[in-house]
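I opened this notebook to record what I looked up in one structure. The entries follow in the order in which I made them.

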Amino acid sequence: MSKTLVVDIGGTHVKLLMAGVDQREFDSGQQMQPADFVAKMNEATRDWKIDNISIGFPSVVRSGNVVKEPKHLGTGWIGFDFQSSLNRPTQVINDAAMQALGSYHVGRMLFLGLGTGLGSAFVLEKMLFSLELGDLPYREREKIENFLGIPGIDRLGEKGWKDEVIFAVTQLKLSFIADYVVLGGGNVHRFEQLPEGIERGKNENAFLGGVRLWETAPNDTTPQWKIF
């Protein structure tokens with residue numbers, strides 16, 4: 001079995017996960033550019049044997065290429081060649097999409113990540129669709145992530161924010177005709193209970209999603225999952 005390194009790039013930390021070893025991480029932040037990332041990652045994993053790499057990146061990714069600079073990192077990411085720089089087979093997808101891939105179990109699933117903003121993805125059978133629902137227009141001509149992300153907690157208070165999240169998530173579930181919604185991200189822990197049809201994501205789902213990226217059909221090299 002190949003050893004897959006799963007890299008979860010966030011606005012404050014980069015998490016490194018691989019089966020059989022302890023999780024490692026290093027700081028990221030608004031000054032981190034691609035060269036900084038490569039140097040820190042090579043240093044942090046210098047004693048690991050790695051066959052391939054899955055990267056969850058906090059911005060828009062199309063066909064494995066970053067096409068929009070991230071909000072909470074430095075610049076220079078658009079078009080950056082991760083595979084050549086890391087010198088290993090590498091796949092890059094949106095970070096919320098990677099968590100969604102690891103969260104999926106059946107049917108039509110909508111994933112929403114409650115963090116600084118609103119991460120989102122949709123999974124149907126073996127197809128994964130990255131979304132940017134955080135940019136949807138919402139109340140007072142603002143974006144929905146300003147209400148469901150951290151800014152919403154500041155403006156609505158925790159109870160008001162929770163009510164807003166459940167209302168919006170219920171409507172999005174109906175809009176996508178989803179069988180269920182998985183809520184992930186750093187703020188899902190604020191909910192003690194969730195309504196029927198809305199599930200709590202698990203921390204290990206990002207790792208499972210990164211591993212699933214490399215799954216192939218039996219006796220074939222065709223990828224099991226289609227990434228859109």
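Entry 1: I took contact to mean heavy atoms within 4.5 Å. The model is a predicted one, in which local features need pLDDT of at least 70 and side-chain atom pairs count only at pLDDT 80 or more, while totals for chains, interfaces and linings use all residues. Residues are numbered from 1 along each chain as its sequence is written, and side-chain values use heavy atoms, with hydrogens and water left out.

I looked up the domain assignment, which gives domain 1 (4–97) and domain 2 (105–206); such bounds come from an automatic or database assignment. Their centres, taken over C-alpha atoms, are separated by 24 Å. I noted that nine residues of domain 1 are in contact with 11 residues of domain 2.

**Entry 2: the largest pocket.** I next asked which residues lie closest to the centre of the largest pocket. They are Gly10, Pro58, Asp95, Gly115 and Thr116, out of 48 lining residues. A pocket is an open set of points on a 1 Å grid over the protein atoms alone, where a 1.4 Å probe fits, with protein on both sides within 12 Å along at least five of seven lines; lining residues have an atom within 4 Å of a point. I recorded a volume of about 1300 Å³ for this pocket, volume being the space filled by probe spheres set on the points.

Domain 1 and domain 2 each give at least three residues to the lining. Among the elements that each supply at least two are β1 (4–9), α3 (95–103) and β8 (108–114); helices (H or I, at least four residues) and strands (E, at least two) are DSSP runs.

**Entry 3: Ser28.** Is Ser28 buried or exposed? Ser28 counts as buried because its relative accessibility is 13%, and buried means under 20%, exposed over 50% and partly exposed in between (1.4 Å probe, protein chains only). I located Ser28 in the loop between β3 (24–27) and α1 (34–44). Its side chain reaches the backbone nitrogen of His13 at 3.0 Å and the backbone oxygen of Gly11 at 3.3 Å. Beyond four places in sequence, Ser28 touches residues including Gly10, Val14 and Leu73.

**Entry 4: Thr216.** I found Thr216 in the loop between α6 and β13 (226–227). Thr216 counts as partly exposed because its relative accessibility is 36%. A polar atom of its side chain lies 3.3 Å from the backbone oxygen of Asp220. Leaving aside neighbours within four places in sequence, I listed Thr221, Thr222, Pro223 and Gln224 as its contacts.

Note on methods: Polar contact = N/O pair within 3.5 Å; in protein donor to acceptor, adjacent residues only side chain to side chain.
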